[in-house]
Amino acid sequence: MRKIQMVDLQSQYQRLKHDIDAGIQAVIDTAAFVKGPQVTTFGEHLQTYTGAKHVIPVGNGTDALQIALMALGLKPGDEVITPTFTFIATAEVVALLGLTPVVVDVDWETMNISVEAIRKAITPKTKAIVPVHLFGQCADMEAILQLAKEHNLFVVEDACQAIGAQYTFSDGTVKQAGTMGEIGCTSFFPSKNLGCYGDGGALFTNDDELAAKIVCIANHGMQVRYHHDYIGVNSRLDSIQAAILDAKLPHLDEFISARRAAAARYDEAFRDCPQVLIPGRSKVSTHVFHQYTLRVVGANRDEIKAKLNSQDIPAMIYYPIPLHLQKAYQDPRYKEGDFPVAERLSACVLSLPMHTELDNEQLDFIISAVKESF
Ligand SMILES: *Cc1c(COP(=O)(O)O)cnc(C)c1O
């Protein structure tokens, strides 16, 4: 049996080596390392794949989130609502820009931001909502967009874990993660569902004016060289990463299918175990399984993790501390107990190995090890 990894990037590379190597070599041959044609081509291909009107590749997912908030012209003191159960980047950029992060609780089943909690957190200072499509499944976008419309708020989707996930609106319209709010953000960090071999990210928008402003902000706020219309940043996807992503994008649907097949085998094995709950599913979004995350409700989560690790099976806790209990984000507005679902999740979640190369032998080995650890 191949060694089990949380994410197996080597085996995936071996399958796609021919195209990836050729893409990288083409960049080196032309030495167009920055702003090469590969970046434009990949952006166009991703536009076709996602259905977004504009795709703006940038340096990473965190930059994408920051640039999104800058492009919306938010001002210090403006409140931005985010879930407290997420990766730190979502709230970090809010704080960095001098905006006020307002964190809210999540739903126990989908682990995504609670629409009821957003509703209660809206104040006259609220300017934006940043839902996170956590672990690969879209938050309840129809309700969030409706709420945003009622209160005149922007919606920036953190789709860093959910590229390719599809959301169905009540009128039957289907849209992809990242293409529903004013702006969507994604990450191409190597372990993400569409990962490059370094850092990368992108913004999505259907708004022409916002797209132009985003392009400008990502390039030092300049449209005409050395004329700076905005205070910007330097954030770009480099050509080698774009070439790698362009070689991988045609396989994204097949990557998603492989992840779903692994998830189905886990589901089947754990569905009737009283010790754990399988990931709850949204009725309106597909799941692309960036993570397969169990909730351990009838056993000791940390003991299971330690037993798996001792058999060379990686398992991870995403995320052990919700934002409102993080040292750097201490705030007199929040205390332990304020967001009970997020706090309970942090104490019980356990993510199992999930990637495109898991075979049944590996999956069954992981499943047996989890069951034996109860
Ligand atoms: C990965 C991730 C980010 C940040 O992406 P980077 O490319 O690592 O900067 C932001 N939000 C979420 C939810 C993520 O999973």
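Let me start with a term: a residue is buried under 20% relative accessible area, exposed over 50%, and partly exposed in between, using a 1.4 Å probe and protein chains only. By that rule phenylalanine 87, with a relative accessible area of 44%, is partly exposed.

A word on the source, friends. This is a predicted model, where local features need pLDDT of at least 70 and side-chain atom pairs count only at pLDDT 80 or more, while totals for chains, interfaces and linings use all residues. Residues are numbered from 1 along each chain as its sequence is written, and side-chain values use heavy atoms, with hydrogens and water left out.

Now, the rings. Rings of Phe, Tyr and Trp (its six-membered ring) pair if their centres lie within 6.5 Å; planes under 30 degrees apart are stacked, over 60 edge-to-face, and the rest tilted. Searching the whole structure gives 12 aromatic pairs. In one of them, tyrosine 13 and tyrosine 197 have ring centres 6.1 Å apart and planes at 75 degrees, so we call it edge-to-face. Tyrosine 13 belongs to helix H1 (residues 9-30), and tyrosine 197 to the loop between strands S8 (183-187) and S9 (201-205), 184 residues apart. Helices (H or I, at least four residues) and strands (E, at least two) are DSSP runs, numbered from the N terminus.

Back to phenylalanine 87: with tyrosine 319 it makes a tilted pair, 6.2 Å centre to centre and 35 degrees between the planes. Phenylalanine 87 sits in the loop between strand S2 (79-83) and helix H4 (89-96), and tyrosine 319 in the loop between helix H10 (301-310) and H11, so the pair ties together parts 232 residues apart in sequence. Tyrosine 319 is buried, at 13% relative accessible area.

Next, strand S11. How many of the five residues of strand S11 (residues 292-296) are buried? Five of the five, so the strand is largely enclosed by the rest of the structure. Tyr292, Leu294 and Val296 point one way, and Thr293 and Arg295 the other way. Strands pair if DSSP finds at least two bridges between them. S11 runs antiparallel to S10 (residues 276-277), with two bridges, and valine 276 partners valine 296. Four bridges join S11 to S12 (residues 349-352), also antiparallel, and there threonine 293 stands opposite serine 351.
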